[in-house]
Amino acid sequence: MDALAGFLTGPRAVGAFLLRTQMDPPWALRIRDEAPLTILSVVRGSGCICFDDAAPHAIDAGDTAIVRGPDHYTVGDSPGTAPQAIIGPGESCTSVDGGDVSESMNRGVRTWGNSTSGTVVLLTGTYTGDGEVSRRLLHALPRLIVLRGENWDCPYVRLLAEEVGHAHPGQGAVLDRLLDLVLVTALRTWFTRPEARAPAWYRARTDPVAGPALRLLHNNPAHPWTVSSLAGQVGVARAMLARRFTELVGEPPMAFLTGWRLALAADLLLEPDATVQAVARRVGYGSPFTFSSAYKRRYGLSPQNHRAARLAG
C-alpha cells in the first residue's frame with residue numbers, strides 16, 4: 001500500500017460525499033467545507049473556480065478539477081456572480097444569511113441545485129480522509145489541478161454521472177469505488193506531466209532498483225527489514241541499493257521505512273479499540289516502549305496523546 005492507496009483505504013476515507021449539482025445562471029456556490037480533497041467534474045456547461053487570492057480558473061464540459069483543502073473558494077458561472085449558497089463542514093448548505101437551503105434546492109437522489117435539469121451539471125466528490133498516510137499524498141499536490149477534457153477522456157466520469165442518481169441496494173459502495181477510480185486515474189495522469197512535480201516516492205517507482213524496494217517496504221512494513229535484507233530481495237548489492245534509493249527517494253531506506261511505519265501507526269491508532277501494543281506489532285516494532293519512543297520523536301506526543309488530539313480536532 002502506497003500513499004495513494006492509503007488515502008483511499010484509510011480509517012477516514014470510506015463513504016466519500018458525492019453530489020450532482022444542477023444549476024441555471026446566474027449561479028455561484030461558496031465552498032467553505034475545508035475538505036482535504038475534492039473532485040469536481042463538469043458534465044454539462046461551463047463555469048469557473050475562484051480562490052480569493054488567485055485569478056479565476058475556467059472549467060468546461062469534460063474537465064475535471066481536483067481541489068486540495070482547506071482554503072475556501074467559489075464555484076460559479078462567472079467571477080462576478082455573488083454566491084447564492086454556502087457549503088460548509090459536514091455537508092451543510094445555507095444561504096448567505098444563514099438559512100438552511102438543503103431541502104429547498106433538493107432535486108432528488110444525490111441531486112441538488114436551482115434547476116430541475118440544469119444548463120450546468122457538476123459532479124462533486126469530497127473526501128474527508130485526513131490521516132497521516134494521506135498527507136503524504138496531499139502535500140505533493142498543488143491547491144488546484146484542472147485536467148482538460150480534450151486531453152483526458154475518463155470513462156469512469158461518465159459511469160459516475162450515470163450511477164449517481166440511482167438508489168439501488170449497495171449503491172454507496174458502487175459510487176465510492178467509481179469515485180476512487182476517477183481520482184486514481186486523474187492523479188496518475190497529473191503526475192506524468194512535467195509541471196506536476198510528482199513526489200520522489202512516486203517518481204522512483206519505475207526505477208529497477210528503488211522501485212522494487214519501495215514496493216517491499218510499502219507492502220510489508222512490519223517485516224524486520226535491514227538494508228542488506230532489502231538489497232537481497234531486490235537482487236542488488238547493499239551499497240548500490242542504499243545509494244540509488246537515497247538518490248531517488250531523498251532519504252535512506254531505513255529512514256523512509258521509519259516514516260512509513262509511523263504514518264501507518266498514526267492512522268491505525270484511530271481505529272476503534274486499537275491498542276498501542278497491537279499497533280506497534282502491526283507496523284514492525286518489537287515492543288510498545290520502542291514504538292512509543294520513536295512515535296514521540298516523530299510527532300512530539302505519545303501515541304495516546306496524539307490519538308486524543310487528532311480525535312478531538
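Reply: Contact here means heavy atoms within 4.5 Å. The model is predicted.

The residue to start from is Thr64, which is part of strand 6 (residues 64-68). Once its neighbours within four places in sequence are set aside, Thr64 has contacts with Ile39, Leu40 and Ser41, with Ile145, Val146 and Leu147, and with Trp152 and Val157. To one of these, Ser41, Thr64 is also joined by a polar contact of 2.8 Å between the two side chains. The relative accessible area of Thr64 is 1%, and because buried means under 20%, Thr64 is buried.

Leu160, in helix 3 (residues 155-163), can be read in the same terms. Its relative accessibility is 4%, so Leu160 also counts as buried. With neighbours within four places in sequence left out, the contacts of Leu160 are Leu18, Leu123, Leu175, Leu178, Leu179 and Val182.

Next come the aromatic rings. A pair of such rings is described by the distance of the centres and the angle of the planes. The whole structure holds seven aromatic pairs. In the pair of Tyr295 and Tyr299, the ring centres are 4.8 Å apart and the planes stand at 50 degrees, so this pair is tilted. Tyr295 and Tyr299 both belong to helix 11 (residues 288-299), and because they are four residues apart there, about one helical turn separates them. Tyr295 is buried, at 1% relative accessibility. Tyr295 and Tyr299 also belong to a cluster, linked by ring pairs, that includes Tyr285 and Phe291.

Tyr285 has a charge over its ring as well: the charged end of Arg261 is 5.8 Å from the ring centre. Elsewhere, Arg205 lies over the face of Tyr202, and the distance to the ring centre is 4.0 Å.

Notes. Residues are numbered from 1 along each chain as its sequence is written. This is a predicted model: local features need pLDDT of at least 70, side-chain atom pairs count only at pLDDT 80 or more; totals for chains, interfaces and linings use all residues. Side-chain values use heavy atoms; hydrogens and water are left out. Helices (H or I, at least four residues) and strands (E, at least two) are DSSP runs, numbered from the N terminus. Buried means under 20% relative accessible area, exposed over 50%, partly exposed in between (1.4 Å probe, protein chains only). A polar contact is a pair of N or O atoms within 3.5 Å; within protein, one must be able to donate a hydrogen and the other to accept it, and residues adjacent in sequence count only if both atoms are side-chain atoms. Rings of Phe, Tyr and Trp (its six-membered ring) pair if their centres lie within 6.5 Å; planes under 30 degrees apart count as stacked, over 60 as edge-to-face and the rest as tilted. A charge sits over a ring if NZ of Lys or CZ of Arg is within 6 Å of the ring centre and within 35 degrees of the ring normal.
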